Amino acid sequence: MKLLALLLQLAGSVPPKPAAAPAAWRTLLGAYANGRDTAYVYEAGDTLFALLDSTPPVRLVQGPRGWAGGDSIALRSGELDVGHVRWPRLQLGPADGGQLHIAPVHPVAELLRADRSLVPPAESGAFLAADLIEPAALDSTIRLDVRYATTNNFLGSVFYSSPHAFLERPAAMALVQASRILRPLGYGLLIHDAYRPWYVTKVFWDATPAASRWLVADPAKGSKHNRGAAVDITLYDLGTGAPVEMPSTYDEATPRAYADFRGGTSLQRWHRALLRRVLEREGFTVNPSEWWHFDFRGWERYPILNVPFEQLLK
């Protein structure tokens, strides 16, 4: 009965699941640029809209010569025409829809050897004792795609010796409860990253070009991942086993990754909203710049940890 009540409460906060947008619209959806100005074409309610700056969205209607909106907007595959000025379509995120990649400024293998022996920054205050456990060991429907245990990550190097995801026990139990709520809806949780030893954060910082360091946490401060109180996560379809479509790819450094990005399709935004509603109910808070990154309440009560996976698995 409690689960039913939760599902009914969830149904009141998430609108009905929309249909997928027509495949033919995929070449039209996205961002279009004119100098420093960017416009977005997105789908909502089986309709295409163009969004320019802070002006209200303009509904686009398909005609014999393509799509048009208002008196001055025309849309064709590859470009948006605004007042007879061409706005070419931008490539947002990886061209193949896969993983963001950055060329490291130092060899990652060398940094791993050097940084692993360093000590995290000293902290003052009283912290809870660390109690890292694996959510996937508690719920078989929680799956893993731990990118940092492979070369399929933004630096193209292996950082973890094995594909595991650890969290402080309260956060792990909260994920198990979230998974329980999602199962009747046909979805499971797919974890990309969770606890991250501090030395890995240090390698990220040392390997990332200075202009791109906004992508990574400052090791002088540590990260919520280092405390075992943050998780990078998405949804997958329990029936097919495939990850669901979201407005952006994982680890993507574009506006599409924002938690409130208005672009994409209705179904992509619905998936994002469902993930957020369920996790927020269980005590997580989304990172405004990354729809996949969630911090658990009370993260500041846990210390920065530097325990390698090998030691946790003993």
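Which residues does Phe159 touch, not counting residues up to four places away in sequence? Phe159 touches Val108, Leu112, Tyr148, Asn153, Tyr199, Val200, Val203 and Phe204, a contact being heavy atoms within 4.5 Å.

This is a predicted model, in which local features need pLDDT of at least 70, side-chain atom pairs count only at pLDDT 80 or more, and totals for chains, interfaces and linings use all residues. Residues are numbered from 1 along each chain as its sequence is written, and side-chain values use heavy atoms, with hydrogens and water left out.

The protein has 7 helices and 15 strands; these are DSSP runs (helices H or I, at least four residues; strands E, at least two), numbered from the N terminus. Of its 314 residues, 49% count as buried, meaning under 20% relative accessible area with a 1.4 Å probe and protein chains only.

Phe159 is also one of the residues that touch the most other members of the largest nonpolar core, which has 61 residues. Such a core is a set of buried Ala, Val, Leu, Ile, Met, Phe, Trp, Tyr and Cys residues joined through side-chain atoms within 4.5 Å. Helix H4 gives the most to this core, with 8 residues. Apart from it lies another core, of 17 residues, among them Leu28, Leu52, Trp67 and Leu75.

| Helix | Residues | Buried residues include |
|---|---|---|
| H4 | 169-182 | Leu175, Val176, Ile181 and Leu182 |
| H5 | 198-207 | Trp198, Tyr199, Val203 and Phe204 |

In helix H5, 9 of the 10 residues are buried, and their cover includes helix H2 (108-115).

Terms used:
The expected span of a helix is 1.5 Å times one less than its number of residues. Buried means under 20% relative accessible area, exposed over 50%, partly exposed in between (1.4 Å probe, protein chains only).
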